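The plan is to look things up one by one and write down what I find.

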There are 2 protein chains.
Amino acid sequence: MPATSGDGSEVSLEFWFDFASPYAYLAALRIETLVAAATRGGRSIRLLWRPLLLGPIFQRRVSNPSPFQQAEPAERRYRHRDIERSCRHYGLPLTWPSTYPRGSLLATRVALIAAGEGWGAAFARSVFAANFAADLDIASAPVVAEILRDLGRDAAVILARAAEPAVKASLAAQVDEAIAKGIFGAPSFLVEDELFWGNDRLEQAIVWAVSGKIGEDATPAMPPG
Amino acid sequence: MPATSGDGSEVSLEFWFDFASPYAYLAALRIETLVAAATRGGRSIRLLWRPLLLGPIFQRRVSNPSPFQQAEPAERRYRHRDIERSCRHYGLPLTWPSTYPRGSLLATRVALIAAGEGWGAAFARSVFAANFAADLDIASAPVVAEILRDLGRDAAVILARAAEPAVKASLAAQVDEAIAKGIFGAPSFLVEDELFWGNDRLEQAIVWAVSGKIGEDATPAMPPG
């Protein structure tokens with residue numbers, strides 16, 4: 001969604017997401033409104049929806065699987081409560097998926113096709129809403145087909161393409177690209193080389209995209225080692 | 001800092017922190033301004049500064065040590081960058097501790113004494129600033145003594161008390177209480193039974209303290225299992 005306001009220059013904001021992540025759901029339902037509001041004044045932002053599978057990323061980690069699958073009950077309970085409160089905070093609906101996490105492979109392959117054809121944002125929003133607001137099994141082909149029909153797409157054709165080796169290879173390359181860019185979780189936002197992780201950083205990512213910085217303090221900070 | 005405005009009722013907001021945590025530094029330098037602004041309208045908030053050691057909490061975990069000590073280089077690099085950006089976002093100074101994480105045991109024992117005598121907030125802010133803005137070794141007795149003198153305290157007396165068994169037992173009890181209350185990281189904020197984790201949730205915790213809820217959507221969410 002390139003805007004035409006501002007100083008005429010344009011910057012890409014990559015939105016990396018996994019359909020199984022509730023924090024990505026929060027970001028997906030917020031990002032376009034925030035981007036539209038931000039680009040009124042500064043550089044225009046080209047928003048790129050980039051589907052991703054966290055599974056292969058977590059599998060390559062030395063430790064620390066998905067925070068939602070960690071063994072510590074206190075943190076697991078907390079994260080569910082945090083999502084509930086955050087949905088209320090943003091005014092977003094929430095029905096917990098009756099199976100969690102839902103397999104996101106099929107929907108992610110379709111999302112890659114969709115992103116290549118310019119309807120990636122609409123498809124992704126529908127899948128997130130199906131998973132977290134309607135408790136529909138997004139791992140099931142009939143559910144994805146219904147979403148595709150709602151978007152005016154030929155479900156049979158798209159689902160057949162999603163099973164082709166080229167799409168599988170494209171998804172593998174997408175995950176490799178994410179890792180190469182330093183992405184270790186989702187949602188993540190990338191503006192050129194600047195990485196922002198988590199729904200909580202969406203606002204900062206947009207500020208960075210528009211202005212190329214955060215805040216006014218230019219004191220150089222020295223990272224250790 | 002009980003305020004006297006609002007409807008006359010008062011609610012406690014527990015601020016749990018470890019001096020080694022940079023995210024706790026962000027919260028410590030922001031919390032009093034935010035609390036003061038919030039209590040102008042609603043219930044008044046009694047802010048309780050509750051020092052904590054994360055070490056014993058992480059040691060009892062099945063997995064996942066401190067996020068800053070995890071093995072994944074991408075996440076470690078990211079978190080340092082995130083702290084730098086967040087300091088600029090809030091307009092807070094940052095000089096990375098030349099040793100990280102700094103041992104917080106001594107300062108935490110003194111902070112427990114300070115909290116019991118009503119100067120816990122001032123001491124805690126000074127320790128955080130020493131660690132993250134001035135790169136002073138807060139694990140060293142001379143540094144803590146200097147902070148105490150700056151606050152008009154008898155450093156020799158306080159440091160002697162900090163080494164007494166009663167203070168050690170009090171700190172162990174404090175950690176046990178944190179775990180019993182579901183705390184698994186820092187900073188954490190507790191309003192009655194409602195837990196908020198991370199500097200990013202400070203604003204929500206204050207809203208909860210003042211109003212007892214987040215947002216307007218009262219749709220009950222059903223957590224799995």
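Which helix holds both Arg149(A) and Glu146(A), and how many residues apart are they? I found both in helix H7 of chain A, 3 residues apart, about one turn of the helix.

Ground rules. This is a predicted model: local features need pLDDT of at least 70, side-chain atom pairs count only at pLDDT 80 or more, and totals for chains, interfaces and linings use all residues. Residues are numbered from 1 along each chain as its sequence is written, chains are lettered from A and ligands numbered from 1 in the order in which they are written, and side-chain values use heavy atoms, with hydrogens and water left out.

Entry: chain A overall. I read 10 helices and 4 strands in chain A. Helices (H or I, at least four residues) and strands (E, at least two) are DSSP runs, numbered from the N terminus. Along the sequence the pattern runs β-α-α-β-α-α-α-α-α-α-α-β-β-α. Chain A has 225 residues, and 50% of them count as buried. Buried is under 20% relative accessible area, exposed is over 50%, and partly exposed lies in between (1.4 Å probe, protein chains only). I also looked at contacts, meaning heavy atoms within 4.5 Å. Among those in chain A between residues at least 6 apart in sequence, 73% join residues at least 24 apart.

Entry: helix H7(A). H7 spans residues 141–150 of chain A. Its buried residues are Val143(A), Val144(A), Ala145(A), Ile147(A) and Leu148(A). These pack against three helices of chain A: H5 (105–117), H6 (120–132) and H8 (155–162). Just after H7(A), I noted Gly152(A) with a positive phi of about 80 degrees.

Back to the pair I began with. Arg149(A) and Glu146(A) form a salt bridge, with the closest N and O atoms 3.3 Å apart. A salt bridge here needs a side-chain nitrogen of Lys or Arg within 4 Å of a carboxyl oxygen of Asp or Glu. Arg149(A) is partly exposed at 48% relative accessible area. Glu146(A) is partly exposed too, at 42%.

Entry: other salt bridges. How many salt bridges are there over all chains? I get 36 by this rule. In chain B, Arg46(B) reaches Glu10(B), with the closest N and O atoms 2.9 Å apart. This pair links distant parts of the chain: Arg46(B) sits in strand E2 (residues 44–51), Glu10(B) in strand E1 (residues 10–17), 36 residues apart. Arg46(B) is partly exposed at 34%, and Glu10(B) is partly exposed at 38%. Lys181(B) and Glu177(B) also meet in a salt bridge (2.7 Å, N to O). I also traced a network of salt bridges that links Arg81(A), Asp82(A), Glu84(A), Arg85(A), Asp200(A), Glu194(B) and Arg201(B).

Entry: H2(A) against H10(A). How do helix H2 (residues 31–38) and helix H10 (residues 202–211) of chain A pack, and at what angle? I have about 30 degrees, with the axes 10 Å apart. H2(A) is therefore roughly parallel to H10(A), as angles under 35 degrees count as roughly parallel. From H2(A), Ile31(A), Leu34(A), Val35(A) and Ala38(A) make the contact; from H10(A), Leu202(A), Glu203(A), Ile206(A) and Val210(A) do.

Methods:
Axes fitted to C-alpha atoms, helices over the stretch in contact; angles between N-to-C directions. Parallel < 35°, antiparallel > 145°, perpendicular 65-115°, else oblique.
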